[in-house]
Amino acid sequence: MARFDRDQPFTFQLGAGQVIKGWDQGLTDMCVGEKRMLTIPPELGYGDRGAGNVIPGGATLVFDVELINIGDSPPTTNVFKEIDENKDMQLSREEVSEYLKKQMVAADGGQESEDIKNMIAEHDKLVEEIFQHEDKDKNGYISHDEFSGPKHDEL
């Protein structure tokens, strides 16, 4: 059994497909300050595919989580469109990489702190993990259909 520690907060929008289904389901009624252990079966995690070289197919995942904060920012309307800079309806590694860098710096108030520099150093690995999970046909691009994040404009 492998164990990985993130040791830093992870921000996402609950119920928007930004995380595995087991997190979306397992965190819905949590309160700020609450700690919980999530045991997530493969069908609510990464399924038979796994995630790159990190998570094997068919893995049951166990997470110790703590809810630190609940933000009240409005949901992003169409993340796919924001990432797809050349508007070709598919996301390249470069587009995903640039989007993540912009998000990290924006989250830090527009300045590159030490934390942000460390996250950017690790971010090539993050881009690969995203492609392992999202690029279902393994053609090197994430199509609109493959993308699991928010990809529609709100009415």
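**Close-up views of the predicted model**

**View 1. Methionine 89 is partly exposed, at 47% relative accessible area.** The model shown here and in the other views is predicted. Methionine 89 sits in the loop between helix 2 and strand 3. Most residues other than glycine have a negative phi.

**View 2. Lysine 87 also has a positive phi without being a glycine.** The angle is about 55°. Lysine 87 belongs to the loop between helix 2 and strand 3. Its relative accessibility is 54%. That value is over 50%, so lysine 87 counts as exposed.

**View 3. Leucine 91 is buried, with a relative accessible area of 0%.** The residue lies in strand 3, residues 90-91. Leaving aside residues up to four places away in sequence, leucine 91 touches Phe80, Ile83, Asp84, Val96, Phe131, Gly140, Tyr141, Ile142 and Phe147. The C-alpha atoms of leucine 91 and lysine 81 are 9.4 Å apart. Along the chain, these two residues are separated by 10 residues.

**View 4. Tryptophan 23 and phenylalanine 63 form one of the 2 aromatic pairs found in a search of the whole structure.** A pair of aromatic rings is described by the distance of the centres and the angle of the planes. Here the ring centres are 5.1 Å apart. The planes meet at 85°, so the pair is edge-to-face. The pair links distant parts of the chain, 40 residues apart. Tryptophan 23 is in helix 1 (residues 21-26), and phenylalanine 63 is in strand 2 (residues 61-66). Tryptophan 23 is buried at 14% relative accessible area, whereas phenylalanine 63 is partly exposed at 24%.

**View 5. Phenylalanine 80 and phenylalanine 147 make an edge-to-face pair.** Their ring centres are 5.4 Å apart, with planes at 65°. An angle over 60° counts as edge-to-face, so this pair qualifies. Phenylalanine 80 lies in helix 2 (residues 79-83). Phenylalanine 147 lies in the segment after strand 4 (142-143). The pair links distant parts of the chain, 67 residues apart. Phenylalanine 80 is buried at 2% relative accessibility, and phenylalanine 147 is buried at 10%. Leucine 91 touches both Phe80 and Phe147.

**View 6. Arginine 93 lies over the face of phenylalanine 131.** The distance from the ring centre is 4.4 Å. Phe131 is also among the residues that leucine 91 touches.

Notes: Residues numbered from 1 in each chain as written. Predicted model: local features only at pLDDT ≥ 70, side-chain atom pairs only at ≥ 80, totals over all residues. Heavy atoms only, no water. Phe/Tyr/Trp six-rings, centres within 6.5 Å; stacked < 30°, edge-to-face > 60°. Helix = DSSP H or I, 4+ residues; strand = E, 2+ residues; numbered from the N terminus. Buried < 20%, exposed > 50% of the residue type's maximum accessible area, 1.4 Å probe, protein only. Lys NZ or Arg CZ within 6 Å of the ring centre and 35° of its normal. Contact = heavy atoms within 4.5 Å.
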